[in-house]
Amino acid sequence: MFTRYKARRRGKLVITVPPQHSSQECAECTFTAPDNRPSQAAFVCQRCGHRDNADHNAARVIKKRGIQKLLSGEPLTTSRKTTRIFRTLGPERSEVTPGETHIRRAPSKTDMHRSQNQELRGVIRETPTSTR
């Protein structure tokens, strides 16, 4: 989302490509294997012997995938699915029932102590003071 926003501000094209196994795929011969990554930073293709920085190689793979998608005529970006999460809330959690606009919250321990203290203050104030 942030990338699309920034690209749109600069008039750039954004193409969504599948990133799976891009760090294991060779940018030269497209051979894909976990053994192509001997370390976090290095990339060595087990088929053609191509050597490169792992991040640079993955960037080239993603670039090629984007160009292939552009030339194929497929939609360039995928539509985002709206995910809604429904949870069952317990009595201690906030919940809004259909038609309500305000949230009902179960009283916490501090709320209960606060109300008890307020009641006690009221009782203490209402009791007459003793004279000596």
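A polar atom of the Arg65 side chain sits 2.4 Å from the backbone oxygen of Pro18. The structure is a predicted model, in which local features need pLDDT of at least 70 and side-chain atom pairs count only at pLDDT 80 or more, while totals for chains, interfaces and linings use all residues. Residues are numbered from 1 along each chain as its sequence is written, and side-chain values use heavy atoms, with hydrogens and water left out.

Arg65 belongs to helix H2, residues 54-72 (helices are DSSP runs of H or I with at least four residues, strands are E runs of at least two, and both are numbered from the N terminus). With a relative accessible area of 16%, Arg65 is buried (buried means under 20% relative accessible area, exposed over 50%, and partly exposed in between, using a 1.4 Å probe and protein chains only). Leaving aside residues up to four places away in sequence, Arg65 touches Val17, Pro18, Pro19, Gln20, His21, Ser22 and Glu25, where contact means heavy atoms within 4.5 Å.

Glu25, one of those neighbours, also makes a polar contact with Arg65, side chain to side chain, at 2.7 Å. A polar contact here is a pair of N or O atoms within 3.5 Å; within protein, one must be able to donate a hydrogen and the other to accept it, and residues adjacent in sequence count only if both atoms are side-chain atoms. Glu25 comes from the loop between H1 and strand E1 (42-44) and, at 15% relative accessible area, is buried. Besides Arg65, Glu25 touches Thr30, Phe31, Thr32, Phe43, Asn57 and Val61, again not counting residues up to four places away in sequence.

As for aromatic rings, the count comes to 1 pair (rings of Phe, Tyr and Trp, the last by its six-membered ring, pair if their centres lie within 6.5 Å; planes under 30 degrees apart are stacked, over 60 edge-to-face, and the rest tilted). The pair is Phe2 with Tyr5, and it is tilted because the planes are at 45 degrees, with the ring centres 6.3 Å apart. Both residues lie in helix H1 (residues 2-10), 3 residues apart, or about one turn of the helix. Phe2 is exposed at 58% relative accessibility, whereas Tyr5, at 42%, is partly exposed.

Zooming out, the protein has 3 helices and 2 strands, following the pattern α-β-β-α-α along the sequence. Of its 132 residues, 14% are buried. Among contacts with a separation of 6 or more, 37% join residues 24 or more positions apart.
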